[in-house]
Amino acid sequence: MITRILFSCVCFFLTLVANAQLNPGELDSKLTKAQKILGGDVVALIYKDGKIAYKKKIGEGFDEKTQVAIGGSSRWLTTALVLQFIDEGKLTLDTKVADILPIYAKYGKKYITIRHCLSDLTGIEDKKGNIAENSRFNSLEELVNDYPKKEIRANAGTDFWYGSIGINIAARVIEIIGKKGFEQLIAQKLTKPLGMKATIFSPENNKCVNPAGGALSTANDYMMFLSMILNKGMFNGKQILSANAIEELKKIQMTSNMVAYAPKDAEKLAFGLGGNILSKDADEKATTIGCPNFGALWPFVDFCNNYACIIFPKDILADSRKDFYTIFKQTIDSQLNSTCN
């Protein structure tokens, strides 16, 4: 009798989980109530079980196909491109930048690695919130060759400073290895294979491209990128990133005592390659990762609950609206009967 009861309980639980579905009305209500604080125009998408399971757009003349600037969420796209070169064996996360760019050794910065670059651990002096320095230079080469002339704030790998320096260095390295410009490489190897037709890195005034914060994209396009990450690097039957590369995205690259500067709403978040570790389990393994631009755009992938989501406002705002992201995600997880930490 006890065995039969236990079996029935297990079956009931499995049925409950299998039948867990999203409640669009509740999610719509959360989004509508937050419309003003999200800037008035916003789209939310949830991808689960191989399809868009939820879509809501609020505002006039703005939807999932509208192309806008995505700021710091560009970082994940550039990181993925670098990881593709690593998948191909053309460099490693521990490749020293100075091996490709000798000017870094000349100025005493020979210990900086690609891992340091993608994790904001270069130790090079930077300014808070500085992601627009590119406009002063005519090319990524000029910009990145100027970085080693800056002071060293700390030894590479010991000091976290959220900014654009590391991502831009890594982008320049792959320009040299790939023998093409960054814009051509990311279109050829990442955005085109993913069908991200409206995603481009367009330099202002034909100046230097900004791999760390200069992309234009749409909610639809970025969701295709997120679905690839959720599906262990696969998209439409093609391996865009290796499963090992996806695992690298999930690894924490720093500790809280290493943080010299992070955006206010990121001060308590762990960082991985290019993006954030948004939640982790008791064993410190990432369960949710994302790459918010800290201007209210929140793209994230929840591996424990097996879904991807993007909260995509029309404008880059002055605050990240982390409280709304937290509430919206908790609502999704509750509807899915989540047992994740």
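Me: Is Ser73 buried or exposed?
Reply: Ser73 has 0% relative accessibility, so it counts as buried. Buried means under 20% relative accessible area, exposed over 50%, and partly exposed in between, with a 1.4 Å probe and protein chains only.

Me: What kind of model is this, by the way?
Reply: It's a predicted model, where local features need pLDDT of at least 70, side-chain atom pairs count only at pLDDT 80 or more, and totals for chains, interfaces and linings use all residues. Residues are numbered from 1 along each chain as its sequence is written, and side-chain values use heavy atoms, with hydrogens and water left out.

Me: OK, back to Ser73. Where is Ser73?
Reply: Ser73 sits in the loop between strand 3 and helix 3 (74-87). Helices (H or I, at least four residues) and strands (E, at least two) are DSSP runs, numbered from the N terminus.

Me: And which residues does Ser73 touch?
Reply: Leaving out residues up to four places away in sequence, Ser73 touches Tyr222, Cys291, Pro292, Asn293, Leu297 and Pro299. Contact here means heavy atoms within 4.5 Å. As for Asn293, its backbone nitrogen lies 3.3 Å from a polar atom of the Ser73 side chain.

Me: You mentioned strand 3. What's the strand order in its sheet?
Reply: The order is 3-6-5, in an open sheet of three strands with antiparallel pairing. Two strands pair if DSSP finds at least two bridges between them.

Me: Which are the edge strands?
Reply: Strand 3 (68-69) and strand 5 (200-201), each pairing on one side only. Two bridges join strand 3 to strand 6 (residues 215-217), and Ala69 stands opposite Leu216 in strand 6.

Me: Switching to helices: at what angle do helix 2 and helix 12 pack?
Reply: About 175°, with the axes of helix 2 (residues 24-33) and helix 12 (residues 322-335) 10 Å apart. Axes are lines fitted to C-alpha atoms, for helices over the stretch in contact, and angles run from 0 to 180 degrees between N-to-C directions. The two helices are therefore roughly antiparallel to each other; angles under 35 degrees count as roughly parallel, over 145 as roughly antiparallel, 65 to 115 as roughly perpendicular and the rest as oblique.

Me: Which residues make the contact?
Reply: Glu26, Leu27, Lys30 and Leu31 from helix 2, with Phe324, Ile327, Phe328, Thr331, Ile332 and Gln335 from helix 12.

Me: Last one: what's the phi of Asp49?
Reply: Positive, about 55°, although Asp49 is not a glycine. Asp49 is in the loop between strand 1 (42-48) and strand 2 (51-58), and at 54% relative accessibility it counts as exposed.

Technical notes. Polar contact = N/O pair within 3.5 Å; in protein donor to acceptor, adjacent residues only side chain to side chain.
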